[in-house]
Amino acid sequence: MTKIIGLTGGIGSGKSTVANLFMSKGVPVYIADTEAKKLMESRNIITKITNYFGNDILVNSKIDRPKLAKLVFNNPEKLSELNNIVHPEVQKHFQNWLKNKKDFPFVIKEAAILFETGGNKQCDKVITVVAPQELRIQRVKERDKVTREDVLERINNQWTDEMKILVSDFVIENIDIESTKSKVDEILKELNNL
């Protein structure tokens, strides 16, 4: 049976870097956020989102993602509703993806809000990526061209690193690429012995 290894971390921690390192070692990696974005373009999900948030959320029959983000980031109830629409669809998609990975001893499921959505319960092990908050803020400001306040708002909508570390099997402190690479290699050895 293929094991599911969760990979998570706060915004700007470097989850994508770590996911890419695992991919480069031949490990199949499912990027939940990327798949969620694609699924949000499906007629089915657009209908569910507009039923709840209204048609103002659309631009050219597609979800206006920045507008939707502004609506949900300061409103836990609306964020929860959005998650209730999108996450079951992502879960179904992941299960279909997993069917084609039966020859692998394990796969990585990368999800920013793995713990927040209870996705960790479907994982055999969980890896959390952490980095100092100032470094995370800098990374996201450069990557997304947003303000410090925007980044802090997103950070405050996720579990803290401390909370994630307490319930994780592995922790990668992603400050410099060399130490991150060696930690990935170390974790790979352990996962291969599961």
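This is a predicted model: local features need pLDDT of at least 70, side-chain atom pairs count only at pLDDT 80 or more; totals for chains, interfaces and linings use all residues.
Biologist: What is the strand order in the open sheet, and is the pairing parallel or antiparallel?

Modeller: The order is β2-β5-β1-β6-β7, which makes 5 strands, and the pairing is parallel.

Biologist: Which strands stand at the edges?

Modeller: Those are β2 (29–31) and β7 (170–173). Each has a single partner strand, so one side of each is left without a neighbour in the sheet.

Biologist: How are neighbouring strands turned against each other?

Modeller: On average they are turned by 20°, with direction ignored.

Biologist: Over how many bridges do β6 and β7 pair?

Modeller: Strand β6, residues 125–130, pairs with β7 over 4 bridges in the parallel sense. Within β7, Val 171 is the residue opposite Thr 128.

Biologist: Which strands does helix α9 lie across?

Modeller: Helix α9 (residues 177–192) lies across β1 (3–9), β5 (106–110), β6 and β7. Its direction is at about 165° to that of β7.

Biologist: Changing topic, which residues of the largest nonpolar core touch the most other members?

Modeller: That core has 28 residues, and the ones in question are Met 40, Ile 49, Leu 68, Leu 82 and Val 86. Two or more residues come from each of α2 (32–39), α3 (43–53), α4 (65–73) and α5 (76–99). The most come from α5, with 8 residues.

Biologist: What is Leu 68 in contact with, leaving aside its neighbours within four places in sequence?

Modeller: Leu 68 is then in contact with Met 40, Phe 53, Ile 57, Ile 63 and Leu 82.

Biologist: Which residues are among those of the other core?

Modeller: Another core, of 18 residues, lies apart from the largest one and includes Ala 19, Val 27, Val 29 and Ile 127.

Definitions and conventions: Residues are numbered from 1 along each chain as its sequence is written. Side-chain values use heavy atoms; hydrogens and water are left out. A nonpolar core is a set of buried Ala, Val, Leu, Ile, Met, Phe, Trp, Tyr and Cys residues joined through side-chain atoms within 4.5 Å. Buried means under 20% relative accessible area, exposed over 50%, partly exposed in between (1.4 Å probe, protein chains only). Contact means heavy atoms within 4.5 Å. Two strands pair if DSSP finds at least two bridges between them. Axes are lines fitted to C-alpha atoms, for helices over the stretch in contact, and angles run from 0 to 180 degrees between N-to-C directions.
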